[in-house]
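I opened the notebook to record what I looked up in this structure. The entries follow in the order of my checks.

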Amino acid sequence: MADSTRTIEIEVLRYHPEQDTEPHYQTFSVPFADDWSVLQGLQYIKDDLDSSLSFRWSCRMAICGSCGYMINGEPKLGCRTFLRNYYPNKVRVGPLDHFPIERDLVVDIDDFIGKLEGIKPYIIPREPRTLEQGEYLQTPAQRDQYEQFSSCINCLLCYAACPQYGLNPGFTGPAALALLHRYNADNRDQGWEARQEVVNAEDGVWRCMLVGYCSEVCPKGVDPAHAINQNKVNSTLDYFGVLKFLLPKGATK
Amino acid sequence: MSATKPYVRPMAGWWRRNPFFMRYMAREASAVFLAIYAVTLLVGVFRLSQGKAVYDAWLAALTSPLSIVFHLVALLAVCYHAYTWWKVMPKTLPMLHIGGRRIPETTLSAVGWAAWLAASVIVYALVRGL
């Protein structure tokens with residue numbers, strides 16, 4: 001490792017709510033090996049340079065969705081972004097855009113958690129099957145209709161990529177609407193009516209202006225912009241009273 | 001628990017922060033030229049209903065340098081708008097499958113671009129009487 005160790009400058013946005021009136025950048029010199037992620041750089045800072053640095057992380061392998069930061073202005077997961085790709089230039093790390101900064105790289109995501117609950121992220125069958133009726137059956141083709149939308153890890157990169165959410169925080173937003181579509185697109189679910197208020201609202205799919213950056217930054221290929229924009233068509237059909245004829249028989253509240 | 005003091009960052013100048021946002025704004029702005037061109041064309045139809053002399057005067061006005069520059073700019077803007085329109089169009093469609101395989105978005109956009117090109121060639125040929 002020693003011969004491959006280089007030193008990179010990492011600028012981190014610092015905000016200490018009890019001392020600062022606004023955030024400021026602080027630069028750290030971090031020796032790194034070729035396989036070091038930005039997250040490992042932050043961990044080095046916390047362990048060896050400044051233990052007061054606050055940031056969220058957990059799994060280190062793009063599964064948990066905790067380490068989303070703005071890295072050189074782009075929303076990325078710290079664990080799958082590598083320092084070698086920025087060297088010899090500086091790399092600038094900030095908290096995810098469009099969320100209030102709680103402290104350093106930690107943002108307040110309460111708003112998103114509320115929206116996540118609001119979309120009823122669970123299967124709503126018309127009539128729950130009894131044990132005697134057995135399991136819900138699903139073909140691979142039926143599963144394909146929702147599988148990619150179920151890959152969301154709630155890392156919120158898409159919210160940091162969405163200027164609409166920054167300008168109108170009331171917007172339900174990419175991840176929540178993609179997950180809403182994940183359930184609506186599941187053949188075991190007949191919950192359109194239970195979720196239609198969220199979809200059809202001005203802050204629902206119609207707030208989206210199809211910037212499309214959410215799908216670009218998603219580390220899991222969820223494509224929230226696709227989920228949202230095909231539901232503009234569904235919402236229109238619903239408005240004209242056509243959708244209920246197209247839904248699988250017997251949608252439910 | 002109530003001791004938090006979250007800092008909310010301003011959104012001013014948001015679209016200059018990222019090239020992706022700048023392309024988005026260019027896409028939206030190009031529609032303005034499309035609208036102005038449509039209004040110009042509507043005025044022409046209205047002038048036609050007022051008689052030959054008035055219509056000829058409208059045609060003559062179109063040959064002014066200012067008008068020609070506008071039409072060149074509008075042509076470029078409309079081309080960019082049409083390109084981006086087909087590019088994002090697949091996002092509005094449900095998942096489409098052929099023979100059990102999903103049609104990629106790039107294929108859908110390419111079909112759109114090809115149709116746009118074909119329609120442009122046909123319309124041009126019709127107008128030119130080829």
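This is a predicted model: local features need pLDDT of at least 70, side-chain atom pairs count only at pLDDT 80 or more; totals for chains, interfaces and linings use all residues.

**Entry 1. A helix pair in chain A**

I then looked up helix 7 (residues 192–200) and helix 9 (residues 224–239) of chain A. Their axes come within 11 Å and cross at roughly 110 degrees. Angles of 65 to 115 degrees count as roughly perpendicular, and helix 7 of chain A and helix 9 of chain A are therefore roughly perpendicular to each other. From helix 7 of chain A, the contact takes Gln196(A), Val199(A) and Asn200(A); from helix 9 of chain A, it takes Asn231(A), Ser235(A) and Asp238(A). I sorted these residues by class: 1 is nonpolar, 4 are polar and 1 is charged.

**Entry 2. Backbone checks in chain A**

I went through the loops next. Tyr87(A) and Pro88(A) are joined by a cis peptide bond, with omega at about 5 degrees. I located Pro88(A) in the loop between strand 4 (74–77) and strand 5 (91–94) of chain A.

Which phi does Arg60(A) take, not being a glycine? I read a positive phi of about 70 degrees for Arg60(A). Arg60(A) sits in the loop between helix 1 (38–49) and strand 3 (68–71) of chain A. I count 17 other C-beta atoms within 10 Å of Arg60(A), so this residue is partly exposed.

His98(A) is not a glycine either, and its phi is positive, at about 75 degrees. I placed His98(A) in the loop between strand 5 and strand 6 (101–103) of chain A. Is His98(A) buried or exposed? The cut-off for buried is 20 or more other C-beta atoms within 10 Å. His98(A) has 26, so I marked it buried.

**Entry 3. Chain B as a whole**

I turned to chain B and listed its elements. There are 4 helices and 2 strands. Read from the N terminus, the order is α-α-α-β-β-α. The radius of gyration of chain B is 22 Å, whereas the globule rule gives 14 Å for 130 residues, so chain B is more spread out than a compact globule. Along the principal axes, I find its C-alpha atoms in a box of roughly 80 × 50 × 25 Å. Among the contacts in chain B with a separation of 6 or more, 47% link residues 24 or more positions apart.

**Entry 4. Where chain B meets chain A**

How many residues of chain B are in contact with chain A? I get 19 residues of chain B, against 24 residues of chain A. Helix 1 (residues 19–49) gives the most to this side of chain B, with 3 residues. By class, the side of chain B that touches chain A has 13 nonpolar, 3 polar and 3 charged residues.

**Entry 5. Helix 4 of chain B**

I checked the length of helix 4 (residues 105–128) of chain B. At 1.5 Å a residue, its 24 residues should span 34 Å, and the end C-alpha atoms are 35 Å apart, which agrees.

Thr107(B) has 13 other C-beta atoms within 10 Å, so I logged it as partly exposed. From Thr107(B) to Met95(B) I get 12 residues in sequence and 13 Å in space, C-alpha to C-alpha. Just after helix 4 of chain B, Gly129(B) has a positive phi of about 70 degrees.

Key. Residues are numbered from 1 along each chain as its sequence is written. Chains are lettered from A and ligands numbered from 1 in the order in which they are written. The expected span of a helix is 1.5 Å times one less than its number of residues. Two residues are in contact if their C-beta atoms, placed from the backbone, lie within 7 Å. Ala, Val, Leu, Ile, Met, Phe, Trp, Tyr, Cys and Pro count as nonpolar, Asp, Glu, Lys and Arg as charged, and the others, Gly among them, as polar. The radius of gyration is taken over C-alpha atoms; the globule rule is 2.2 Å times the number of residues to the power 0.38. Axes are lines fitted to C-alpha atoms, for helices over the stretch in contact, and angles run from 0 to 180 degrees between N-to-C directions. Angles under 35 degrees count as roughly parallel, over 145 as roughly antiparallel, 65 to 115 as roughly perpendicular and the rest as oblique. A residue is buried if 20 or more other C-beta atoms lie within 10 Å of its own, exposed if 12 or fewer, and partly exposed in between; C-beta atoms are placed from the backbone.
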